[in-house]
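Please look at the sequence and the three-dimensional model before reading on. The paragraphs below are meant to be read with both in view.

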There are 2 protein chains.
Amino acid sequence: MKAELIAVGSELLRFGRRDSNGDWLTERLQRLGVEVTRRSLVGDDVASIASAVRAAQSTADLVVLTGGLGPTEDDRTREAIALALGRPLERDEEYATRLRGLFEARGRTFKPEQARQADRPRGSDWLDNPIGTAPGILCRVDGSLVVALPGVPPEMRRIFEEGLVPLLSGRVGQGLARRSLKIGGRFEASVDEQIRDLYGLDGIEATILTGREGIELHLLATGATTGEARARLDHLDHRVGERLGVDVFARDDETLAQVVGRLLIAKGATMATAESCTGGMLGSLITETPGSSGWFRGGLIVYGDDLKCSLAGVDPEILASEGAVSEVVARALAAGARERCRSDFGIGITGLAGPGGGTPDKPVGLVHVALAGEDRTDHWRIRQIGDRHLVRRRTVVFALDRLRRRLLESRGPEGSE
Amino acid sequence: MKAELIAVGSELLRFGRRDSNGDWLTERLQRLGVEVTRRSLVGDDVASIASAVRAAQSTADLVVLTGGLGPTEDDRTREAIALALGRPLERDEEYATRLRGLFEARGRTFKPEQARQADRPRGSDWLDNPIGTAPGILCRVDGSLVVALPGVPPEMRRIFEEGLVPLLSGRVGQGLARRSLKIGGRFEASVDEQIRDLYGLDGIEATILTGREGIELHLLATGATTGEARARLDHLDHRVGERLGVDVFARDDETLAQVVGRLLIAKGATMATAESCTGGMLGSLITETPGSSGWFRGGLIVYGDDLKCSLAGVDPEILASEGAVSEVVARALAAGARERCRSDFGIGITGLAGPGGGTPDKPVGLVHVALAGEDRTDHWRIRQIGDRHLVRRRTVVFALDRLRRRLLESRGPEGSE
């Protein structure tokens with residue numbers, strides 16, 4: 001079964017507002033086994049909407065429009081569907097009366113234009129909207145379905161789940177399953193090279209994207225049923241795991257900080273941070289995780305160089321001789337975080353995020369990261385590529401991934417010192 | 001002049017990858033005076049692409065496709081355009097020879113399928129690609145233009161700027177100008193009510209969105225020329241400013257932290273933070289700004305309650321009696337940040353970001369923010385709505401906006417104490 005999505009609303013086109021309804025519908029339809037083959041954004045005019053509906057309806061089994069069902073003059077989806085399907089638009093007087101009653105019961109004035117929400121193309125059905133005034137519209141056309149849903153996300157989702165899912169479940173005829181694997185500490189090209197031959201596996205589509213926390217391998221499997229699709233995914237997931245080992249750190253929505261938290265809790269251990277160039281970003285990333293107070297103690301943001309000494313205990317003479325961006329300062333920050341915040345592990349970060357401040361010796365993108373534990377302190381000197389935001393972002397992810405790997409160790413040190 | 005954008009690539013549909021080329025092209029075309037009236041995402045199959053091209057070409061003056069120009073079997077944009085326009089696909093042997101030369105000069109093998117990048121529909125022109133192997137394709141069809149650009153963003157942008165902009169500038173026939181105003185410390189509905197009557201101004205489209213740093217008023221103006229459109233924007237901008245006053249804190253890409261930095265630099269003053277529930281997010285937001293080391297000293301992430309005392313100097317007895325989420329602790333954190341980091345202003349934040357940990361007295365979303373300066377400490381007790389991420393995000397924006405307002409003061413205190 002193939003679906004096309006049409007998002008209606010000039011603000012989507014003019015102001016770059018993200019079509020989040022379409023994102024949600026795509027994922028939800030995939031889980032039902034329906035493939036989305038085209039998505040369009042169109043403005044509020046009847047001709048554009050109607051032309052999109054005609055184009056979609058000629059190739060898809062299911063067309064879902066979102067938006068343009070409100071009471072204002074800009075809401076033209078009803079007319080456009082009627083035009084596209086060559087059916088007259090008719091007012092459902094029974095629904096109009098009910099709508100008027102709803103308004104009056106709440107003490108709100110029922111303006112004449114509100115009644116437009118009771119219009120629908122001849123021969124179509126309502127999809128009940130239990131939390132708003134605009135119901136969805138369902139038109140059956142030569143075996144395919146054209147559906148209009150309101151643009152307000154909670155209303156759209158509710159009508160989809162309650163009105164549409166029951167209709168679709170009998171029609172789909174295939175299963176789809178989707179999963180993403182998150183991969184840390186690797187470059188896209190090298191991951192691609194290592195597992196490329198696995199992509200060709202029967203019934204699986206794969207793509208590698210760069211996500212917020214590293215490389216993401218996105219997989220979409222098809223099968224006669226959802227169970228079969230999922231079994232294919234499990235098989236590929238297993239084979240990728242054999243090749244990439246601990247580089248695969250999470251699946252789907254799990255974050256790196258959640259994984260680190262899980263590992264720390266298992267050891268009954270805690271962590272703390274001392275950040276210079278990342279300025280609190282590592283602490284912020286960690287504390288996005290609910291329950292992080294169970295394993296994250298706190299941190300020091302040591303942006304000014306004198307604070308590296310007064311807050312984190314870096315020796316001022318060493319700082320003066322080696323410079324703030326140096327291995328010895330990173331190590332002292334990690335130890336200072338651990339000691340001042342009374343934690344089991346301490347992460348120290350110092351570097352040049354740019355755009356200014358670089359020198360031939362210490363270029364923009366140079367970062368020193370140190371990880372202090374009870375037994376030893378590891379250190380990494382890295383050279384990040386990218387703008388200020390990327391340098392910072394990649395650095396905090398790198399640091400957290402190193403802690404993850406250290407927590408997985410059972411065979412002794414893998415780092416330095 | 002009207003344009004339609006078609007993004008080609010199954011990964012855009014299947015895995016929710018954002019069509020960032022389309023976002024970029026929309027904004028860039030608007031600046032040239034070209035309105036984007038439809039955007040589509042289509043998969044890699046010839047029929048879908050061709051159907052999208054035909055639909056677009058029947059209504060738009062300019063159709064821009066991105067993606068699908070590479071050398072692999074999945075790259076079908078060339079064939080699809082030829083099919084849609086009813087023209088044969090022909091190989092440009094001269095370009096194929098040049099391409100082979102390019103490969104050989106770099107010591108890379110020229111595989112036969114690479115030559116596909118030298119195919120184009122009969123009667124079309126190349127748009128030179130100075131940084132990649134796939135040139136753009138330009139087809140003139142009955143006065144409209146159908147253009148294909150590679151999907152690699154830097155190549156797409158370069159060809160657009162160098163090959164397409166010179167062609168468009170003579171054809172546009174109208175001017176567009178776009179601007180966004182960022183509004184702090186206000187709710188969407190109240191801003192809407194206060195300025196709604198201004199939206200109707202001739203030749204201006206307006207929409208209110210919720211952005212990362214508060215409410216954003218997005219404006220798009222049309223005029224006979226770009227200058228006229230911009231003059232309309234300036235006029236509306238001025239009138240909005242009269243009504244909203246200091247609530248408007250920035251325009252377009254300027255961030256709240258940049259504005260605060262500017263104001264601090266003007267006073268020769270510095271700031272520091274002590275964060276509990278936001279865990280470093282405020283420090284991170286501030287240090288995203290290049291040059292923030294000139295006015296941001298550093299901060300304390302006091303997640304564990306004992307660290308509120310040992311790092312920021314909160315009295316343990318008061319903390320025990322009042323609780324960590326209290327006015328007195330927020331004030332002590334602000335003062336502690338200021339003192340320990342030796343800054344002119346200190347911000348203290350303590351609250352319950354959720355989802356767990358709420359009580360009837362201190363519900364999830366309750367946050368205390370304090371701002372300490374030389375002369376006084378202000379305090380706010382706020383109740384944030386939303387999930388953990390939103391509570392944290394809105395809190396750091398709120399705190400920074402309060403500092404901005406304090407720096408704008410010239411008529412004495414506006415806060416409390």
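The explanation begins with the conventions and then moves from the pair of chains to details within each chain.

This is a predicted model, in which local features need pLDDT of at least 70 and side-chain atom pairs count only at pLDDT 80 or more, whereas totals for chains, interfaces and linings use all residues. Residues are numbered from 1 along each chain as its sequence is written, while chains are lettered from A and ligands numbered from 1 in the order in which they are written.

Consider first how the two chains are related. Chain B is superposed on chain A by a rotation of 180° with 0.2 Å of shift along its axis, and the RMSD is 0.2 Å. The two copies are thus related as by a two-fold rotation axis. Such a superposition is made by least squares on the C-alpha atoms of residues with pLDDT of at least 70 in both copies. The same surface serves both copies, since 100% of the contact residues of chain B recur in chain A.

To this contact, chain B gives 54 residues and chain A gives 54 residues. Two residues are in contact if their C-beta atoms, placed from the backbone, lie within 7 Å. On the side of chain B that touches chain A, the largest share, 7 residues, comes from strand 2 (residues 35-42) of chain B. Here and below, helices (H or I, at least four residues) and strands (E, at least two) are DSSP runs, numbered from the N terminus. That side of chain B consists of 21 nonpolar, 21 polar and 12 charged residues. In this division Ala, Val, Leu, Ile, Met, Phe, Trp, Tyr, Cys and Pro count as nonpolar, Asp, Glu, Lys and Arg as charged, and the others, Gly among them, as polar.

A sheet also links the chains. Strand 14 (residues 296-301) of chain A and strand 14 (residues 296-301) of chain B run antiparallel and are joined by 3 bridges; two strands pair if DSSP finds at least two bridges between them. Gly299(A) has Ile301(B) as its bridge partner in strand 14 of chain B. The open sheet has 10 strands with mixed pairing, in the order 17(A)-16(A)-15(A)-13(A)-14(A)-14(B)-13(B)-15(B)-16(B)-17(B). At the edges stand strand 17 (377-383) of chain A and strand 17 (377-383) of chain B, each with a single partner strand, so one side of each is left without a neighbour in the sheet. Neighbouring strands of this sheet are turned by 15° against each other on average, direction ignored. In general, the side chains of a regular strand alternate between the two faces of the sheet.

Within the part of this sheet from chain A, strand 15 (residues 345-351) and strand 16 (residues 366-372) of chain A pair in the antiparallel sense over 6 bridges. One of the residues involved is Ile347(A), whose bridge partner in strand 16 of chain A is Leu371(A). Helix 13 (residues 327-340) of chain A lies across strands 13, 14, 15, 16 and 17 of chain A, running at about 145° to strand 15 of chain A. Axes are lines fitted to C-alpha atoms, for helices over the stretch in contact, and angles run from 0 to 180 degrees between N-to-C directions.

The loop between strand 15 and strand 16 of chain A contains Pro355(A). A cis peptide bond, with omega about 0°, joins Gly354(A) to Pro355(A). In chain B, the peptide bond from Gly354(B) to Pro355(B) is cis as well, with omega near 5°. Most peptide bonds are trans.

Chain B also holds an open sheet of 4 strands in the order 10-11-9-12, with antiparallel pairing. The edge strands are strand 10 and strand 12 (248-251) of chain B, each of which pairs on one side only. Strand 10 (residues 204-211) and strand 11 (residues 214-223) of chain B are joined by 8 bridges, and they form a hairpin with 2 residues between them. Gly211(B) stands opposite Gly214(B) in strand 11 of chain B. Strand 9 (residues 175-183) of chain B is joined to strand 12 of chain B by 3 bridges, and Ile183(B) stands opposite Val248(B) there. Helix 8 (residues 226-244) of chain B packs on the sheet, touching strand 9, strand 10, strand 11 and strand 12 of chain B.
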